[in-house]
Amino acid sequence: MTAPRYTTYVPLTDLAPAPGNPKKHEVERIIESISTHGFVDQPIADERTRTILGGHGRREALVEMQARGERLPAGLLLDDDGGWLVPVQRGWASRSDAEAKALNIKLNKIGADGGWQPRPLAAYLEDIVTADAELFDSLAIPDDELERLLRQVDPETLPGAINEDQASTLHLPDGGGDGLGNGGLSPDDEGRARLATCPACGHGFTPGR
């Protein structure tokens, strides 16, 4: 039996974008993600048009990474000539240009439309920032968006409940100051781990401990 969906490794140079793809991309953030985690989200090919529907930003990021001379990301392969081979989901074919365009939009829009569940999100963020502050920074969540999301968490339902009038925000100091609010680095600050405030319960903790 032939699998209706399957993965093949395709030369990066053969990944043709859909004409007029309307999605904008933060390419540098995609590059950071690929560099940190490897290539984990396959582009989706349209067998009828021989273009990709999902994965334009990842394609653009890989092209830029290769042009910069960066090493082969985990998850890709090299061909005999040193070209990058990208895993692509194959087997789906659009019935018309209109369907191809509709799926292009859906692949980019539906996931984002779902939003976040504030309480599980707060728990995830706490786990990430506690284990690896730099990994938390790589999420690049704007402060106002983070505050808006975490204000939806009822502090009375969380461990170590804080004052309900206090916003549930996450604070990561930039490393400045002597711990007394006087500013500047003290001689002992060089190797001192920075403190953070848990977005869920408001407790202070040291990332990575």
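pLDDT is the predictor's confidence in each residue, from 0 to 100.

**Entry 1: confidence.** I am working with a predicted model, so I looked up pLDDT before anything else. The chain averages 80. I noted that 73% of the residues score at least 70. Which stretch stays under 50? I found residues 158-195. For that stretch the model has 67 contacts beyond four places in sequence. Residues 205-209 are also below 50 in pLDDT. There I counted 22 contacts beyond near neighbours in sequence. Where pLDDT is low, the predicted coordinates should not be read in detail. I then looked at the elements. Strand β4 (residues 77-78) has the highest mean pLDDT, 98. Strand β7 (residues 204-205) has the lowest, 50.

**Entry 2: helix α1.** I moved to α1, residues 27-37. Which of its residues are buried? I listed Val27, Ile30, Ile31 and Ile34. Down the axis of α1, the buried residues fall within an arc of 100 degrees, so they line one face of the helix. An α-helix has 3.6 residues a turn, so residues three or four places apart point the same way. What covers these buried residues includes α2 (56-67). After α1 comes glycine 38. Its phi is positive, near 85 degrees.

**Entry 3: asparagine 104.** I found this residue in helix α3, residues 97-113. Is asparagine 104 buried or exposed? Its relative accessible area is 4%. The cut-off for buried is under 20%, so asparagine 104 counts as buried. Its side chain makes a polar contact with the side chain of asparagine 21, at 3.2 Å. Leaving aside neighbours within four places in sequence, I listed the contacts of asparagine 104: Ala18, Asn21, Pro22, Leu53 and His56.

Note on methods: Residues are numbered from 1 along each chain as its sequence is written. Side-chain values use heavy atoms; hydrogens and water are left out. Buried means under 20% relative accessible area, exposed over 50%, partly exposed in between (1.4 Å probe, protein chains only). Helices (H or I, at least four residues) and strands (E, at least two) are DSSP runs, numbered from the N terminus. The arc is that of the directions from the helix axis to the C-beta atoms. Contact means heavy atoms within 4.5 Å. A polar contact is a pair of N or O atoms within 3.5 Å; within protein, one must be able to donate a hydrogen and the other to accept it, and residues adjacent in sequence count only if both atoms are side-chain atoms.
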